[in-house]
Amino acid sequence: MQDEPDIDEFDDVEALQDRLATARAEVGKRIVGQREVLEQLFVCILADGNALLESNPGLGKTTMVRTVAEVTDLAFSRVQNTPDLMPSDITGTEIIRETETGREFVFEKGPIFANVVLADEINRATPKTQAALLEAMQERQVTAGGDTYSLPEPFFVLATQNPIDQGGTYALPEAQTDRFMLKLVVDYPEADEERDIVDLYTSGARQVPVEQVLTRAEIREAQDLVREVPIADDLRDRAIELVRATREAEAVEFGASPRASMALVVASKARAFLDGRNHVSAEDIEALAAPVLRHRIILDFRAERDGQTPDDVIESLLE
């Protein structure tokens, strides 16, 4: 059996890691604070995954995602989910077009055909539309009229949802939330950060300019290199044991699946690569445990009655 190539054997790895750091700095020109969320967003892209983002309105998540797409040369599209949104509104539909030889059916691609797709308020879409979006995420392709159309690469979906239960919403089933590698939580900024945000966007230009730092090809290269980042056997086993512990925790009714174990290992590799290291550390696993697991475990009624959250359970398992 041939040994896996060491990440140090690839050319210009450090240069690529430096450009990733520069890309994060470029996004920081528009996004004040939220360093942890921004780091996890880049981790998800490097790990070739999708993210579920939960926050209250007005915290800059659309600006953050659009800016990440700009600095990485990724095509961006945004879908505003509503109860009357149809699956074809996302994936595309066949239309009749007049040609020199007569009428013919032509597939009109929907907004899913982009590198970065922001699905705003996914819990406002009907289950049928949610399923169409998540199927495209899983298969990386769309089938229409008997033909299959591949989605562009790299491909990344960021779905947002409001944590406040409101009328006309449809919660994502557990089997569908499991398809998201990470669940990111954006909180309100600190007082000094909010002051900087107000100063930044109420004086001067309406939009702070940013530069393109990375290309799509470099993102694909980085995704391949992330898989080659080595992880020690004991750290790999620690990640697996943490996931398995969610299935036995007293406060948990349903624990995480093996998909969570894979996500935690790959995301830890991506964080190490993003940090400029060529190996995974215990800190990577601890930092990503909550984003990987918080949407994959269901608490029992006693834990919810006592006011516990998935993050509380994960923290106790880490300890």
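In what order do the 5 strands of the open sheet stand? In this predicted model, the order is S2-S5-S8-S1-S9, and the pairing is parallel. Strands S2 and S9 (182-186) stand at the edges with a single partner strand each, so one side of each has no neighbour in the sheet. On average, neighbouring strands of this sheet are turned by 20 degrees against each other, direction ignored.

S2 and S5 pair in the parallel sense over 5 bridges, and serine 77 stands opposite valine 117 in S5.

Attention then turns to helix H3, which spans residues 61-71. Its buried residues are Lys61, Met64, Val65, Thr67, Val68, Ala69 and Val71. Helices H1 (13-27) and H2 (35-46) are among the elements that cover these buried residues. The cover also includes strands S1 (51-55), S2 (76-80), S5 (116-120) and S8 (156-161). After H3 comes aspartate 73, with a positive phi near 60 degrees.

Glutamate 218 lies in helix H8, residues 216-227. Is glutamate 218 buried or exposed? With a relative accessible area of 17%, glutamate 218 is buried, because the cut-off for that class is under 20%. The side chain of glutamate 218 makes a polar contact of 3.0 Å with the side chain of arginine 19. When neighbours within four places in sequence are set aside, glutamate 218 is in contact with Leu16, Arg19 and Val213.

Note on methods: Residues numbered from 1 in each chain as written. Predicted model: local features only at pLDDT ≥ 70, side-chain atom pairs only at ≥ 80, totals over all residues. Heavy atoms only, no water. Helix = DSSP H or I, 4+ residues; strand = E, 2+ residues; numbered from the N terminus. Buried < 20%, exposed > 50% of the residue type's maximum accessible area, 1.4 Å probe, protein only. Polar contact = N/O pair within 3.5 Å; in protein donor to acceptor, adjacent residues only side chain to side chain. Contact = heavy atoms within 4.5 Å. Pairing = 2+ DSSP bridges. Axes fitted to C-alpha atoms, helices over the stretch in contact; angles between N-to-C directions.
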